[in-house]
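Work through the exercises below with the sequence and the structure open. Try each task before reading its solution.

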Amino acid sequence: MTTNLVIVGCGGHGREVLGIVRAVNDAAHTPVWRPLGFVDDRPSEINLKRVQRLDVPYLGGLDRLRDLPPDTHLVIGIGAPRVRRAVGGRLAAPGLPAASVVHPDATVGPDLRYGAGLVVFAGARVTTNVTLGRHVHLNQNATVGHDSRLDDYVSVNPLAAVSGDCHLAEGVLVGTTAAVLQGLRVGAGSVVGAGACVVRDVPADVVVKGVPAR
(Lines give C-alpha, C1' and ligand atoms only; values in the text may rest on other atoms or scores of the structure.)
Protein backbone atom coordinates (compact mmCIF):
# COMPACT_ATOMS: atom_id res chain seq x y z
CA MET A 1 0.00 0.00 0.00
CA THR A 2 1.24 3.48 -0.87
CA THR A 3 0.84 6.16 1.83
CA ASN A 4 0.52 9.89 1.24
CA LEU A 5 3.42 11.89 2.68
CA VAL A 6 4.09 15.59 3.21
CA ILE A 7 7.54 16.99 4.03
CA VAL A 8 7.57 19.90 6.49
CA GLY A 9 10.34 22.30 5.43
CA CYS A 10 11.54 22.89 1.88
CA GLY A 11 15.11 23.98 2.66
CA GLY A 12 18.11 21.84 1.82
CA HIS A 13 17.47 19.36 4.62
CA GLY A 14 13.86 18.88 3.58
CA ARG A 15 14.85 18.31 -0.02
CA GLU A 16 17.40 15.74 1.12
CA VAL A 17 14.60 13.97 3.01
CA LEU A 18 12.71 13.74 -0.28
CA GLY A 19 15.78 11.96 -1.66
CA ILE A 20 15.50 9.37 1.13
CA VAL A 21 11.81 8.89 0.38
CA ARG A 22 12.54 8.29 -3.27
CA ALA A 23 15.35 5.87 -2.42
CA VAL A 24 12.96 3.91 -0.18
CA ASN A 25 10.46 3.70 -3.03
CA ASP A 26 13.11 2.60 -5.51
CA ALA A 27 14.38 -0.14 -3.19
CA ALA A 28 10.88 -1.44 -2.54
CA HIS A 29 10.05 -1.63 -6.27
CA THR A 30 6.49 -0.71 -5.30
CA PRO A 31 6.09 2.85 -3.96
CA VAL A 32 5.86 2.96 -0.17
CA TRP A 33 5.31 6.72 -0.04
CA ARG A 34 3.46 9.14 -2.32
CA PRO A 35 5.05 12.58 -1.76
CA LEU A 36 2.25 15.13 -2.00
CA GLY A 37 4.56 18.10 -1.55
CA PHE A 38 6.27 20.44 0.90
CA VAL A 39 4.82 22.81 3.47
CA ASP A 40 6.83 25.71 4.84
CA ASP A 41 5.68 28.97 6.45
CA ARG A 42 8.56 31.10 5.15
CA PRO A 43 10.23 29.51 2.15
CA SER A 44 12.87 31.53 0.34
CA GLU A 45 12.54 32.21 -3.36
CA ILE A 46 15.63 30.13 -4.11
CA ASN A 47 14.25 27.16 -2.17
CA LEU A 48 10.93 27.40 -3.99
CA LYS A 49 12.79 27.28 -7.31
CA ARG A 50 14.82 24.28 -6.17
CA VAL A 51 11.67 22.46 -5.04
CA GLN A 52 10.09 23.14 -8.43
CA ARG A 53 13.01 21.36 -10.09
CA LEU A 54 12.23 18.23 -8.05
CA ASP A 55 8.72 17.89 -9.53
CA VAL A 56 7.11 17.93 -6.09
CA PRO A 57 4.87 20.94 -5.36
CA TYR A 58 5.07 23.53 -2.63
CA LEU A 59 1.66 23.31 -0.94
CA GLY A 60 1.80 26.42 1.24
CA GLY A 61 2.26 27.10 4.96
CA LEU A 62 1.69 24.68 7.83
CA ASP A 63 -1.97 25.73 7.96
CA ARG A 64 -2.47 23.68 4.77
CA LEU A 65 -2.02 20.51 6.84
CA ARG A 66 -5.58 20.89 8.13
CA ASP A 67 -6.90 20.33 4.61
CA LEU A 68 -5.10 17.04 4.01
CA PRO A 69 -6.71 13.57 4.25
CA PRO A 70 -6.41 12.15 7.80
CA ASP A 71 -4.29 9.22 6.63
CA THR A 72 -1.55 11.56 5.32
CA HIS A 73 1.77 11.14 7.12
CA LEU A 74 4.23 13.93 7.91
CA VAL A 75 8.00 14.00 8.14
CA ILE A 76 9.90 17.05 9.41
CA GLY A 77 12.69 18.00 7.01
CA ILE A 78 14.38 20.59 9.26
CA GLY A 79 17.97 20.11 10.41
CA ALA A 80 18.14 22.39 13.47
CA PRO A 81 16.83 20.58 16.58
CA ARG A 82 15.37 23.71 18.21
CA VAL A 83 13.42 24.64 15.09
CA ARG A 84 12.36 21.04 14.52
CA ARG A 85 11.05 20.82 18.09
CA ALA A 86 9.09 24.06 17.71
CA VAL A 87 7.54 22.85 14.47
CA GLY A 88 6.84 19.45 16.02
CA GLY A 89 4.77 21.14 18.70
CA ARG A 90 2.61 22.75 16.02
CA LEU A 91 1.98 19.46 14.25
CA ALA A 92 -0.12 18.05 17.08
CA ALA A 93 -3.15 20.18 16.11
CA PRO A 94 -3.74 18.67 12.62
CA GLY A 95 -3.46 15.22 14.19
CA LEU A 96 -1.62 13.66 11.25
CA PRO A 97 0.78 10.78 12.02
CA ALA A 98 4.55 11.21 11.79
CA ALA A 99 6.42 9.04 9.30
CA SER A 100 9.82 7.45 9.88
CA VAL A 101 12.06 7.10 6.84
CA VAL A 102 15.31 5.13 6.72
CA HIS A 103 17.52 5.21 3.65
CA PRO A 104 18.12 1.71 2.23
CA ASP A 105 21.88 2.36 2.30
CA ALA A 106 21.81 2.88 6.09
CA THR A 107 22.62 0.03 8.48
CA VAL A 108 20.44 -0.62 11.51
CA GLY A 109 21.39 -3.32 14.01
CA PRO A 110 19.19 -5.54 16.20
CA ASP A 111 16.95 -4.28 19.00
CA LEU A 112 16.60 -0.72 17.73
CA ARG A 113 13.75 1.09 19.46
CA TYR A 114 12.63 4.40 18.00
CA GLY A 115 9.90 6.99 18.15
CA ALA A 116 7.83 8.40 15.31
CA GLY A 117 9.46 10.79 12.87
CA LEU A 118 12.90 9.15 12.75
CA VAL A 119 14.98 10.12 9.70
CA VAL A 120 18.11 8.13 8.84
CA PHE A 121 20.23 9.24 5.89
CA ALA A 122 22.40 7.19 3.54
CA GLY A 123 25.50 5.66 5.08
CA ALA A 124 24.40 6.10 8.69
CA ARG A 125 25.25 3.19 11.00
CA VAL A 126 23.31 2.24 14.13
CA THR A 127 24.59 -0.83 15.96
CA THR A 128 22.73 -2.75 18.67
CA ASN A 129 20.37 -2.08 21.59
CA VAL A 130 20.00 1.58 20.65
CA THR A 131 17.02 3.76 21.62
CA LEU A 132 16.09 6.78 19.50
CA GLY A 133 13.38 9.27 20.45
CA ARG A 134 10.82 11.09 18.33
CA HIS A 135 12.02 13.10 15.32
CA VAL A 136 15.68 12.09 15.71
CA HIS A 137 17.77 12.76 12.60
CA LEU A 138 20.92 10.79 11.79
CA ASN A 139 22.67 12.41 8.86
CA GLN A 140 24.93 10.99 6.16
CA ASN A 141 27.59 8.56 7.47
CA ALA A 142 26.86 9.28 11.13
CA THR A 143 27.36 6.41 13.60
CA VAL A 144 25.63 5.52 16.86
CA GLY A 145 27.19 2.83 19.04
CA HIS A 146 25.71 0.06 21.17
CA ASP A 147 23.40 0.76 24.10
CA SER A 148 23.16 4.48 23.38
CA ARG A 149 20.06 6.57 23.92
CA LEU A 150 19.21 9.65 21.88
CA ASP A 151 16.18 11.53 23.16
CA ASP A 152 13.59 13.46 21.11
CA TYR A 153 14.77 15.91 18.42
CA VAL A 154 18.46 14.98 18.58
CA SER A 155 20.51 15.57 15.41
CA VAL A 156 23.76 13.78 14.60
CA ASN A 157 25.32 15.56 11.66
CA PRO A 158 27.33 14.00 8.81
CA LEU A 159 30.35 11.89 9.77
CA ALA A 160 29.79 12.42 13.51
CA ALA A 161 30.29 9.47 15.89
CA VAL A 162 28.35 8.72 19.05
CA SER A 163 30.14 5.94 20.91
CA GLY A 164 28.58 3.13 22.91
CA ASP A 165 26.46 3.66 26.02
CA CYS A 166 26.07 7.41 25.48
CA HIS A 167 23.01 9.47 26.37
CA LEU A 168 22.16 12.55 24.32
CA ALA A 169 19.26 14.42 25.94
CA GLU A 170 16.46 16.18 24.08
CA GLY A 171 17.42 18.60 21.32
CA VAL A 172 21.18 17.91 21.32
CA LEU A 173 23.08 18.67 18.11
CA VAL A 174 26.32 16.81 17.36
CA GLY A 175 28.18 18.71 14.65
CA THR A 176 29.83 17.36 11.53
CA THR A 177 32.81 15.02 12.23
CA ALA A 178 32.42 15.48 16.00
CA ALA A 179 32.79 12.56 18.42
CA VAL A 180 31.18 11.74 21.76
CA LEU A 181 33.28 9.15 23.56
CA GLN A 182 32.11 6.02 25.33
CA GLY A 183 29.64 6.28 28.19
CA LEU A 184 29.24 10.06 28.21
CA ARG A 185 26.15 12.24 28.68
CA VAL A 186 25.27 15.44 26.80
CA GLY A 187 22.58 17.61 28.41
CA ALA A 188 19.40 18.83 26.76
CA GLY A 189 19.73 21.58 24.17
CA SER A 190 23.52 21.49 24.03
CA VAL A 191 25.58 21.73 20.84
CA VAL A 192 28.76 19.80 20.15
CA GLY A 193 30.65 21.86 17.59
CA ALA A 194 31.92 20.48 14.31
CA GLY A 195 35.11 18.47 14.75
CA ALA A 196 34.91 18.48 18.55
CA CYS A 197 35.79 15.49 20.71
CA VAL A 198 33.72 15.16 23.88
CA VAL A 199 35.76 13.48 26.63
CA ARG A 200 33.60 14.34 29.66
CA ASP A 201 29.92 14.86 30.38
CA VAL A 202 28.39 18.05 28.95
CA PRO A 203 25.75 20.03 30.90
CA ALA A 204 22.49 21.27 29.37
CA ASP A 205 22.21 24.34 27.12
CA VAL A 206 25.88 24.92 26.36
CA VAL A 207 28.07 24.90 23.26
CA VAL A 208 31.29 22.91 23.40
CA LYS A 209 33.99 22.81 20.76
CA GLY A 210 37.60 21.80 20.22
CA VAL A 211 39.73 18.77 21.09
CA PRO A 212 39.10 18.04 23.86
CA ALA A 213 35.72 19.78 23.78
CA ARG A 214 35.33 22.69 26.20
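**Exercise 1: A bridge and its sheet**

In β4, residue V75 is the bridge partner of I7. The model is predicted. Starting from this pair, describe the sheet around β4.

Solution. 

Step 1. Strand β1 covers residues 3-8 and pairs with β4 in the parallel sense, over 4 bridges.

Step 2. Extend to the whole sheet. It is an open sheet of 4 strands, ordered β3-β2-β1-β4, with parallel pairing.

Step 3. Find the edges. Strands β3 (58-60) and β4 (73-76) are the edge strands, and each of them pairs on one side only.

Step 4. From one strand to the next, the twist averages 35°.

Step 5. Look for a helix on the sheet. Helix α1, residues 12-28, packs there and touches β1, β2 (33-39) and β4. The direction of α1 makes about 170° with that of β2.

**Exercise 2: A second sheet**

Which residue of β19 is the bridge partner of L168?

Solution. 

Step 1. Name the partner. In β19, L168 has V186 as its bridge partner.

Step 2. Identify the strand pair. Strand β16, residues 167-168, and β19 pair over 2 bridges in the parallel sense.

Step 3. Write out the sheet. The order is β7-β10-β13-β16-β19, an open sheet of 5 strands with parallel pairing.

Step 4. Find the edges. The edge strands are β7 (113-114) and β19 (185-186), each pairing on one side only.

**Exercise 3: The chain as a whole**

How many helices and strands are there in the chain? Then state its extent, and test its radius of gyration against the value for a compact globule.

Solution. 

Step 1. Count the elements. The chain has 3 helices and 22 strands.

Step 2. The C-alpha trace spans about 45 × 35 × 30 Å along the principal axes of the chain.

Step 3. A compact globule of 214 residues would have a radius of gyration near 17 Å; the chain has 17 Å, so the two agree.

**Exercise 4: Burial, surface and contacts**

What percentage of the residues is buried? Describe the surface and the contacts as well.

Solution. 

Step 1. Apply the cut-off: buried means under 20% relative accessible area. Of the 214 residues in the chain, 49% are buried.

Step 2. The accessible surface of the chain is about 9600 Å², and 53% of it belongs to carbon and sulfur atoms.

Step 3. Consider contacts between residues at least 6 apart in sequence. Of these, 32% join residues at least 24 apart.

Definitions and conventions:
Residues numbered from 1 in each chain as written. Predicted model: local features only at pLDDT ≥ 70, side-chain atom pairs only at ≥ 80, totals over all residues. Heavy atoms only, no water. Pairing = 2+ DSSP bridges. Axes fitted to C-alpha atoms, helices over the stretch in contact; angles between N-to-C directions. Contact = heavy atoms within 4.5 Å. Rg over C-alpha atoms; globule rule 2.2 N^0.38 Å. Buried < 20%, exposed > 50% of the residue type's maximum accessible area, 1.4 Å probe, protein only. Areas by Shrake-Rupley, 256 points an atom, 1.4 Å probe, with all protein chains shown as cover.
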